[in-house]
Amino acid sequence: MPIVRTRELRKVFRSVKRAPGALGALKTLFSREYEDKVAVSGIEMSIEAGELVGYIGPNGAGKSTTIKMLTGILVPTSGRIEVAGLVPYERRRENARNIGVVFGQRSQLYWDLPLVESFELLRAIYGIPRDRYKADLAAFVELLQMDEFLNTPVRQLSLGQRMRGDFAAAMLHDPRIIYLDEPTIGLDVVAKEAIRLFIAKINEERGTTVILTTHDLADVERLCRRIVLIDKGTLIYDGDIERIKTQYGTFRTLVVTFARPIERPSLEGAHLTETDGKTARFRFDRHRERADVLIGRVAAQYEITDVSIEEPELESIIRRIYVEGYDTGATA
Amino acid sequence: MIALPRYNLEPYVEFAKKAFAREATYRMEVFTEVGSLVLRIYLLRAVWTALYAQNAAPMNLPLHSMITYATIALLMSLILEVDGTRLIRERLRDGSIATDLMKPISVPFYFFSDGFGNTALHAALVIPSLLFALLLVHIDVPSPATLAVFFLSFAIGYFVNFLVNFTMNAVAFWTLETFALQIIVRWISDLLSGQIIPLVFVPGNIGRIVLALPFAAIYSTPLLIYVGVIPPGGWLAALGFQVLWLVVFAAAAAAIWRAASRHIVIQGG
């Protein structure tokens, strides 16, 4: 049985229509004209316990709105939603015990308190047994390397430290599902990697179901097997990352480093995209040309010191899907 | 231990403790408060003494009772004027109410616990303030029974005060800004709560209306019990009236909260 299930989930925000200008502002004060904005439109999703799913979409696609409905703080306009057997907005407090949430742009830690006191408070809020709390906290402190700032007030923490604190805070009550909304935003590479490692570990060792919303597709590539793509509130793809990659990732890049600078290198069967004289990048369609043939050809033509082949990044694939729309029969 | 998560009070006790500790870090503010209070007691004594020199004992309230009334009112304000509902506005403004709602807690009760911890610190200041006050003025001390009823009435008034503020702040769910409303309510309540002028001085029918308003339940009722204007025979009716307002505002607060949690549109994503 799936742990998260939505059926024809829909959310429409209604706001008072505003006319421009000072006169318009006056008009707005008296008129009751409304404007409807569809944030989420008919999303069907089913996630099994223990899955690690990337929930991807451009700004304003409806990702955060969906997450808020899953947490129970936003009521859907229509459709059904079920998380661990509960309808979140009907049973907000019970649902809260099953879920953990991390927002990259908002902390749930208590600003004025030392980090460890926020954890203490969460222990009281969730009624976590003391021995389990101690053991879990010790494990998280080690895993996230938090010992040096455990007693620092949250407002004095760096972003990377705060995020690590937020992850521990979201996991202390051992939720069955954790929602991550842009958890690596603004972090440096080292901190990003630490966070990714933590996500992979809790998913693997505790079996926590993870729903990851992010703009950084490297997070998704590194962590998820399945992605759900949405755009303008509707679902456009739900499935394997690998499948989408083989379907759309037909172009590879051959990177060649020459022994001596070459003015305008050319290669039959591939298209030059970039060169600085010493290294050149050629794009080719892997259905039309074989990489080993191309390498042989370029080696025969020029004196080279190095070659490599770059796989297409998920990011460029997804960009293409948003521009062209998802087409199940796509091959070229 | 049997787990009763629904009725577990521990989180709320912790919220109150944290608020207390947080408030205690603003030491300068705390000391200034005691200082300004002592100054106000001194000024009030001078004003009432001068007024009484013109007009002896209006409404059977002799000068010493009046000074007692004014001093006790100021000591009460140490607790009642602390804005224990400030947190609601802050959490709404910066959107962090979203994370509060994602926790297995009653959010109104969380606000109350925080406000309570906040006022508890200021309540502790009543003792030094009282000692300083006694150096300046003489305060009547009523019978133990009267004192007990005063404290009971004060406690009810405390809850009425919280609920009035809560209801007012919950309007911020729709407007996101309650400053103007707060100022207006503050002016009205300063005037009509009996904190500055005993409401028994208000003449005729207007006086009767003013005494029946919810503001009177906050300051006036406990104070009039203390100075004996409300005699033991009137205690039950006075407390009953306070409880009536308590129930009305509890219902209003519950209704506005229910509507608000259905209507949530959190600012800033």
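Predicted model: local features only at pLDDT ≥ 70, side-chain atom pairs only at ≥ 80, totals over all residues.

Student: How is the size of an interface expressed, and what area is buried between chain B and chain A?

Tutor: Interface size is often stated as the accessible area lost when the parts come together. Buried area here is the accessible area (1.4 Å probe) that two parts lose on being put together, summed over both. Between chain B and chain A about 2600 Å² is buried, and carbon and sulfur atoms give 59% of that area. Within chain B, the residues losing the most area to chain A are Met102(B), Lys103(B) and Pro104(B), together 28% of what that side buries. Counted by contact (heavy atoms within 4.5 Å), the interface takes 31 residues from chain B and 28 residues from chain A.

Student: Which polar and charged pairs are found between chain B and chain A?

Tutor: A salt bridge is a side-chain nitrogen of Lys or Arg within 4 Å of a carboxyl oxygen of Asp or Glu. Three salt bridges are counted between chain B and chain A. Arg130(A) and Glu10(B) meet through their side chains in a salt bridge, at 3.9 Å from N to O. A polar contact is a pair of N or O atoms within 3.5 Å; within protein, one must be able to donate a hydrogen and the other to accept it, and residues adjacent in sequence count only if both atoms are side-chain atoms. By that rule, six residue pairs are in polar contact across the interface of chain B and chain A, both residues being at pLDDT 80 or more.

Student: Which helices of chain B supply the side that touches chain A?

Tutor: Helices (H or I, at least four residues) and strands (E, at least two) are DSSP runs, numbered from the N terminus. Helix 1 (10–24), helix 5 (97–101) and helix 6 (107–124) of chain B each supply at least two residues of the side that touches chain A. The largest share, seven residues, comes from helix 1 of chain B.

Student: Which residues form salt bridges with Glu193(A)?

Tutor: Arg196(A) meets Glu193(A) at 3.6 Å, N to O, and these two lie three residues apart in helix 7 (residues 189–205) of chain A. Arg222(A) also bridges to Glu193(A), with closest N and O atoms 2.8 Å apart. This second pair links distant parts of the chain, 29 residues apart, with Arg222(A) in helix 8 and Glu193(A) in helix 7 of chain A. Shared partners join Lys192(A), Glu193(A), Arg196(A), Asp216(A), Asp219(A) and Arg222(A) into one salt-bridge network.

Student: Where do the buried residues of helix 11 of chain A fall, seen down its axis?

Tutor: In helix 11 (residues 314–324) of chain A, the buried residues are Leu314(A), Ile317(A), Ile318(A) and Ile321(A). They fall within an arc of 95° (taken over the directions from the helix axis to the C-beta atoms), so they line one face of the helix. On the other side of helix 11, Arg319(A), Val323(A) and Glu324(A) are exposed. Gly325(A), with a positive phi near 85°, follows helix 11 of chain A.

Student: Are Glu310(A) and Ser65(B) buried or partly exposed?

Tutor: Glu310(A), in strand 13 (residues 304–310) of chain A, counts as partly exposed at 32% relative accessibility. The side chain of Glu310(A) makes a polar contact with that of Arg281(A) at 2.4 Å. Ser65(B), in helix 3 (residues 63–80) of chain B, counts as buried at 8% relative accessibility.

Notes. Residues numbered from 1 in each chain as written. Chains lettered and ligands numbered in written order. Heavy atoms only, no water. Buried < 20%, exposed > 50% of the residue type's maximum accessible area, 1.4 Å probe, protein only.
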